[in-house]
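Visitor: Hi, could we go through this assembly together? I'd like to start with how the chains meet.
Guide: Happy to, here it is.

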6 protein chains.
Amino acid sequence: MNDNTSNKAGLVISAHSADFVWRAGGAIALHVERGYKMHIVCLSYGERGESAKLWRQTGMTEAKVKQVREQEARAAAEALGASIEFLDLGDYPLPSNNDIIFRLADIYRELQPSFVLSHSLHDPYNYDHPRATHLAQEARIIAQAEGHNPGQKIVGAPPFYCFEPHQPEQCNWKPDVLLDITSVWDKKYAAIQCMQGQEHLWEYYTRVALQRGVQAKRNIGITNAKNIVYAEGYQSIFPRVTEDLA
Amino acid sequence: MNDNTSNKAGLVISAHSADFVWRAGGAIALHVERGYKMHIVCLSYGERGESAKLWRQTGMTEAKVKQVREQEARAAAEALGASIEFLDLGDYPLPSNNDIIFRLADIYRELQPSFVLSHSLHDPYNYDHPRATHLAQEARIIAQAEGHNPGQKIVGAPPFYCFEPHQPEQCNWKPDVLLDITSVWDKKYAAIQCMQGQEHLWEYYTRVALQRGVQAKRNIGITNAKNIVYAEGYQSIFPRVTEDLA
Amino acid sequence: MNDNTSNKAGLVISAHSADFVWRAGGAIALHVERGYKMHIVCLSYGERGESAKLWRQTGMTEAKVKQVREQEARAAAEALGASIEFLDLGDYPLPSNNDIIFRLADIYRELQPSFVLSHSLHDPYNYDHPRATHLAQEARIIAQAEGHNPGQKIVGAPPFYCFEPHQPEQCNWKPDVLLDITSVWDKKYAAIQCMQGQEHLWEYYTRVALQRGVQAKRNIGITNAKNIVYAEGYQSIFPRVTEDLA
Amino acid sequence: MNDNTSNKAGLVISAHSADFVWRAGGAIALHVERGYKMHIVCLSYGERGESAKLWRQTGMTEAKVKQVREQEARAAAEALGASIEFLDLGDYPLPSNNDIIFRLADIYRELQPSFVLSHSLHDPYNYDHPRATHLAQEARIIAQAEGHNPGQKIVGAPPFYCFEPHQPEQCNWKPDVLLDITSVWDKKYAAIQCMQGQEHLWEYYTRVALQRGVQAKRNIGITNAKNIVYAEGYQSIFPRVTEDLA
Amino acid sequence: MNDNTSNKAGLVISAHSADFVWRAGGAIALHVERGYKMHIVCLSYGERGESAKLWRQTGMTEAKVKQVREQEARAAAEALGASIEFLDLGDYPLPSNNDIIFRLADIYRELQPSFVLSHSLHDPYNYDHPRATHLAQEARIIAQAEGHNPGQKIVGAPPFYCFEPHQPEQCNWKPDVLLDITSVWDKKYAAIQCMQGQEHLWEYYTRVALQRGVQAKRNIGITNAKNIVYAEGYQSIFPRVTEDLA
Amino acid sequence: MNDNTSNKAGLVISAHSADFVWRAGGAIALHVERGYKMHIVCLSYGERGESAKLWRQTGMTEAKVKQVREQEARAAAEALGASIEFLDLGDYPLPSNNDIIFRLADIYRELQPSFVLSHSLHDPYNYDHPRATHLAQEARIIAQAEGHNPGQKIVGAPPFYCFEPHQPEQCNWKPDVLLDITSVWDKKYAAIQCMQGQEHLWEYYTRVALQRGVQAKRNIGITNAKNIVYAEGYQSIFPRVTEDLA
């Protein structure tokens, strides 16, 4: 994160090393194209809970799983044009403590993101995901506090978006933003293809993008319609401050 | 609505003839300044339920109440720069039927609004308000239907916002948009002062605007903060389609 | 309602002629003992939907069902010490229109109740119940309007409570008030026994009262505990205005 | 509905003449295969609001739209093995009144369904859909009432399921049942292809079925997994009565 | 748990040593009769928070309380036909950490349950109860992870049910399953009678069973009705996968 | 807390040393006037997260911030007539563990409060606030347990109220109690003025009190209205046990 010459930045906090691809790959590529520095933090590799295919190989060890998962995630980040770092905190369960919060707060302060992306608030299938969101939200609050490491530049109030979980209705996740990613779909799909260990998800998340694309067209309407084909859904945590309702 | 030379328009559907002032006066003035044609439809004058002060005058009749209420609302609309029309449907209770829906659908099709403002979805203190919203929403749907008055230009999918009710928490209303109206506050307050019959609300809604202003600053943060003093809150019905998350 | 010499009054709006007994019999008897005039309005006799036992008798007609139901309800009201009137609007489905609302508004204005009891807001098993609540709520609003029958005394803002439906969780009903009815249980049970056509409900609602009684004791705690045995649950619609939090 | 020789039946109440195909085609075909008489009631043809492609043809009239829509729906019902009837009530807006409720109650009583399928409880994009559900629910209640057309056989308490709306999260629809329709997918897709006027929805609802299929597999788990490929989601209104939790 | 000869099993995770009796005793006895191995895990004895009657005896110590509570629970489990184990983690507050999660995950993997029963998701009167549910849910997720103790047999996706809390509405608990326990009520009541320290709850939970029994009959309907007298309510966490909607 | 000669007491648990002033100052002063011993527990000084103005002074240290914050809070408590103690647990993040819970349970048992005030259940802007509520709620439960420090006097079930957060709708906070604090407003405003470090909040919370005052008048109604000018809103956690619905 030393090369922070860009004025605008976005932060993606991913519980496991592949989540950012399926759930926010389009947003990352799109904002990179628009000049943002996009930075991805993988809290874990998902080595225990989201690497089933690797574990079915003979002679597999946790170290090998992590290595493969890191390679895949680095390749995907590169395809999207983003920087990436790995905190290697462990998964299933992902831990939660003040050290992690302070580490993330440091990242917020150095990056000074204009917006933040992380997981849904609830997920009965996956407790690491909402825990990552909790960490990301609390770190954002700490990074705003004048009394935390006084002298550092505090952060403002960047919008915080929850990206799409695997079974959205079961997670009580409801998108209030549909992001048109048609122009960067090729990059997202290239990143998806880096995830060799989860090939069963490639077509699942391609269909998600197509469904959200149809829905995005529905929410603009016939008269204004651009040719939206692919989209990503997001749920906002905070109200949007604007001067334009159209 | 004959003078529809502007390319962009906004529609405000107000249950009673004063609601648009307290709840959306800033949005109206702001978008007028930005070149929008803003059109206000008052479903009733609020002659029975929201004219207590007038009724306490001796010799008052419903016709006189309506006349005064219309004068006040016309003056307020003028102060905001908006056009206004009165459907005179009666209030307490506001009626709801297909004729009203079709009449509103005609207005949608003629105006082709880029966005629509109406009341909250619930209000245990006021049944006319959510009924107005229901009418405004169903008319929007009818105006989208190819088979309704075939040959007319249908409308797209304009965003629909619920403006702030009198007791927001009791109405389960939660703003997800904070609109900075600092630059047009003088116009909103001029419109508020046209409402001679409800002077007790002037300061109430000034305080609402100041509170929402403080909250808007909080949701941008110190580093980006503009000098927001006054704001209005809105709750979206539909997801926003965008290419920018910042 | 001519004998309105009492200063304080309570209004009960019951969809069918037996609902007030099971759901609010304790509140009625308790407030009668405390000097309130309690007035019950039965919107229908429940002749079609809640008189199964009667319909299974040979030669039964709707007129006979109504007659029996009225006799039972009058006896129950007498046992509780309340006045009662029957609007005979029909049930399954209960109608809803402005005439009914205005008629109820007249009752509000004449009675000037200090509080109002009606059904839950939702009930997937019974559409008449929430419709009665809707009528009772909208009539309350009309009765508050200065412009409705100007010259009549308007009502204030009496608290509005939803009494317990048959399957509370399925109706999304959540009691925030537990009313100790131990001292009047004998009157409530006497009223219950007037309902010859629904004997299967006697023990059901006795158990409801016992369960709510145990819960009421739990919410006072051991140190303050009175000997509460029977209680009724209510859900408030509006915030309570008070000077005492204990 | 004369040929009611089957002991078991299911009722599908569809706001417009195509909804049953996209949303419940699999359930219909599956239960037909299992020996159920499946009966579809189309409240309207969707002639005004859901026939955009037809209206873009020159010389189109409402009568012609209805005719085409009926032909398509009959073909689809035949492909699924179900009977179908058309109430031709009009759409956008779909009306709601006691006559319709009584007509549907007659259908309930004649068919004596073991379960009922209709739309979601909410839909901000389509007011006809929840109105159809409301009619279907209230008719079910009327059909249970001993005092409605005494002498007729009343219905029991058939489970009521809401099928999937077009934008599920926006409708606050959450499936608690995933129905495996893999074995009848070919029939559902044949029915889908009967809908010539809405070709843009074919692939949309194929993807819906694939996504629900993946989710169904997730909710059984690896050890029990059957080869589920296609599924439909449903939301129950009432609790399920059972003797088996596995 | 060595005697795992049964093919089918169910797991009950109880915060304190008596909860399984009041809340799930019927489900346990019923599934034992149907050939399931039912296994109960008591996270604590409830020695601090749910043994008031014992503590009022002179000379009582925590060790004695635990001993009595264990004897009662063993007797109840035996009456129901279930195996039982005690983790003795302490109560008020019940702890929560990874060691407990891993221990429970081991139990999941050894038992391979077809379904799991634990507490409600919320309880403002009792923080141990939802914490037990949280532990039970997270352990289920860990037990599904290929990377947790690789080589062990992972579990599938057993349905997870929340049994009834003491004050159901206050816990936002809503049953979507009503289990007919009429045939095993004698066994459940025998187990209840083993709980000498909480005699005040015997009749409370007998009434709960009777109320749920009446409700179960209501949700089948008159025509299909079996003679259900006693039932237990459950709230599902996950969607049910099925091929039958009747 | 040694001087516990009063029979009645109230407990206020404040995450940071100023929260009790803005959010509950009126309730504190009002109950002191009514003879209650009101005791405030400040879990932290808010030294890191809520002392921005102090940190902008040159040479500021955490020790100095705490000192100033304590002085301000002591002065405010004195202005309100309450006792106060400081646990100095640290903020941003506020810790949560059993030691804190047991310490608070000791305070509950010594004070034997008739009611408890703390923060809202949710706050996406401030994680310390709901954490304080969680600690306050769990400590209340522990203080009720016979097996916690046997021999001490346990507490009953004091009502628990959540006071108003900074952005109420965003916190899903909904007041069901409006407390008339008009008679003690001068004391609350005196306490507010002790908070030299947060002068920007003085007028914000004056406006909050005025808005809640207008709303309180609305919820009594014209006929009964006292001259309420200032009020505070509270959300109850538990149902109220009463014998009076008016």
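Visitor: How many residues do chain A and chain B bring to their contact?
Guide: Chain A gives 39 residues and chain B gives 39 residues, where contact means heavy atoms within 4.5 Å. Bear in mind that this is a predicted model: local features need pLDDT of at least 70, side-chain atom pairs count only at pLDDT 80 or more, and totals for chains, interfaces and linings use all residues. Residues are numbered from 1 along each chain as its sequence is written, chains are lettered from A and ligands numbered from 1 in the order in which they are written, and side-chain values use heavy atoms, with hydrogens and water left out.

Visitor: What area is buried between chain A and chain B?
Guide: About 3300 Å², with carbon and sulfur atoms giving 59% of that area. Buried area here is the accessible area (1.4 Å probe) that two parts lose on being put together, summed over both. A:Arg240, A:Glu243 and A:Leu245 supply 24% of what chain A buries against chain B, more than any other three residues.

Visitor: And how many salt bridges are there across that interface?
Guide: The rule finds two between chain A and chain B, a salt bridge being a side-chain nitrogen of Lys or Arg within 4 Å of a carboxyl oxygen of Asp or Glu. A:Arg34 forms a salt bridge with B:Asp244, and their closest N and O atoms are 3.3 Å apart.

Visitor: Which elements of chain A supply at least two residues each to the side that touches chain B?
Guide: Those are α1 (19–33), β4 (115–118), β6 (177–180), α7 and β8 (240–242). Helices (H or I, at least four residues) and strands (E, at least two) are DSSP runs, numbered from the N terminus. The largest share, four residues, comes from β6(A).

Visitor: New topic: where does A:Cys194 lie?
Guide: A:Cys194 is in the loop of chain A between α6 (185–193) and α7 (200–218).

Visitor: Is A:Cys194 buried or exposed?
Guide: A:Cys194 counts as buried because its relative accessibility is 19%; buried means under 20% relative accessible area, exposed over 50%, partly exposed in between (1.4 Å probe, protein chains only). Leaving out residues up to four places away in sequence, A:Cys194 touches A:Glu72, A:Ala75 and A:Ala76.

Visitor: Last one: how far apart are the nearest C-alpha atoms of chain B and chain E?
Guide: They are 18 Å apart, and chain B and chain E do not touch. Chain D and chain F have no contact either, with their closest C-alpha atoms 18 Å apart.
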